Amino acid sequence: MKEVIRMGLPITIQRVTFTLISIIIAKIIVRFGSDAIAVQKVGIQIESISYMTIGGLQGANAAFFGQNYGARRLDRIRLGYRQALLMTSGFGIFISLIFILFPEQLFSVFLSDEVSLALGTDYMRIIGYSQLFMC
């Protein structure tokens with residue numbers, strides 16, 4: 001049981017921290033009104049495409065690294081690390097470009113009023129610059 005807790009604690013801390021930060025951000029956004037709340041909620045759903053994809057890749061990498069570590073195949077771990085870094089970087093750059101270059105098109109699928117669309121466009125461009133680093 002100690003081993004499971006030791007291994008699970010870092011990801012638990014990460015997820016709890018993410019949730020707490022989301023709550024704080026939501027509390028800040030409430031002050032800007034219902035349009036800002038709607039934009040932030042839709043924006044998070046659009047952004048989830050990138051962090052859910054990368055989360056799946058992280059899980060696959062963890063299994064790959066664990067299997068190869070157990071087999072003492074450190075050469076495969078190094079190769080897998082480089083490949084995973086290339087994949088996540090490529091995906092992060094791609095998503096960043098989509099969010100920065102086509103924010104209005106993305107948001108117009110979900111919200112159509114002028115104020116929300118303008119706020120959503122700004123939101124997508126802002127988070128677009130973080131996607132590579134998030135990945």
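Which residues does Arg 125 touch, not counting residues up to four places away in sequence? Arg 125 touches Phe 99, Ile 100 and Pro 103, where contact means heavy atoms within 4.5 Å. The model is predicted: local features need pLDDT of at least 70, side-chain atom pairs count only at pLDDT 80 or more, and totals for chains, interfaces and linings use all residues. Residues are numbered from 1 along each chain as its sequence is written, and side-chain values use heavy atoms, with hydrogens and water left out.

Arg 125 is part of helix α5 (residues 114-128). Helices here are DSSP runs (H or I, at least four residues), numbered from the N terminus. Between Arg 125 and Ile 100 the C-alpha to C-alpha distance is 4.5 Å, with 25 residues separating them in sequence.

Asp 35 is found in helix α2. Not counting residues up to four places away in sequence, Asp 35 touches Asp 113, Val 115, Ser 116 and Leu 119. Asp 35 and Gly 120 are 85 residues apart in sequence, and their C-alpha atoms are 9.4 Å apart in space.

**Helices α2 and α3**

Two packed helices are described by the angle between their axes and the distance between the axes. For helix α2 (residues 34-70) and helix α3 (residues 74-101), the axes come within 10 Å and cross at roughly 175°. Axes are lines fitted to C-alpha atoms, for helices over the stretch in contact, and angles run from 0 to 180 degrees between N-to-C directions. α2 and α3 are therefore roughly antiparallel to each other, a term used for angles over 145 degrees. Residues of α2 that make the contact include Ile 46, Thr 53, Leu 57, Phe 64 and Tyr 69; among those of α3 are Leu 74, Arg 76, Tyr 81, Met 87 and Phe 99. The contact of α2 with α3 divides into 15 nonpolar, six polar and two charged residues. Ala, Val, Leu, Ile, Met, Phe, Trp, Tyr, Cys and Pro count as nonpolar, Asp, Glu, Lys and Arg as charged, and the others, Gly among them, as polar.

Arg 72 lies in the loop between α2 and α3. Its phi is near 60°, a positive value in a residue other than glycine. Arg 72 also lies over the face of Tyr 69, at 5.8 Å from the ring centre; the criterion is NZ of Lys or CZ of Arg within 6 Å of the ring centre and within 35 degrees of the ring normal.

**Aromatic pairs and Tyr 51**

The structure holds two aromatic pairs (ring centres within 6.5 Å). In one of them, the ring centres of Phe 18 and Tyr 51 are 5.9 Å apart and the planes stand at 65°, so the pair is edge-to-face (over 60 degrees). Phe 18 lies in helix α1 (residues 2-30) and Tyr 51 in helix α2, so the pair ties together parts that are 33 residues apart in sequence.

Leaving aside neighbours within four places in sequence, Tyr 51 is in contact with Phe 18, Ile 44 and Met 134. The C-alpha atoms of Tyr 51 and Arg 76, 25 residues apart along the chain, are separated by 25 Å.

**Accessibility**

Buried means under 20% relative accessible area, exposed over 50%, and partly exposed in between (1.4 Å probe, protein chains only).

| Residue | Relative accessibility | Class |
|---|---|---|
| Phe 18 | 49% | partly exposed |
| Tyr 51 | 27% | partly exposed |
| Asp 35 | 30% | partly exposed |
| Arg 72 | 63% | exposed |
| Arg 125 | 37% | partly exposed |

Definitions and conventions
Helices (H or I, at least four residues) and strands (E, at least two) are DSSP runs, numbered from the N terminus. Angles under 35 degrees count as roughly parallel, over 145 as roughly antiparallel, 65 to 115 as roughly perpendicular and the rest as oblique. Rings of Phe, Tyr and Trp (its six-membered ring) pair if their centres lie within 6.5 Å; planes under 30 degrees apart count as stacked, over 60 as edge-to-face and the rest as tilted.
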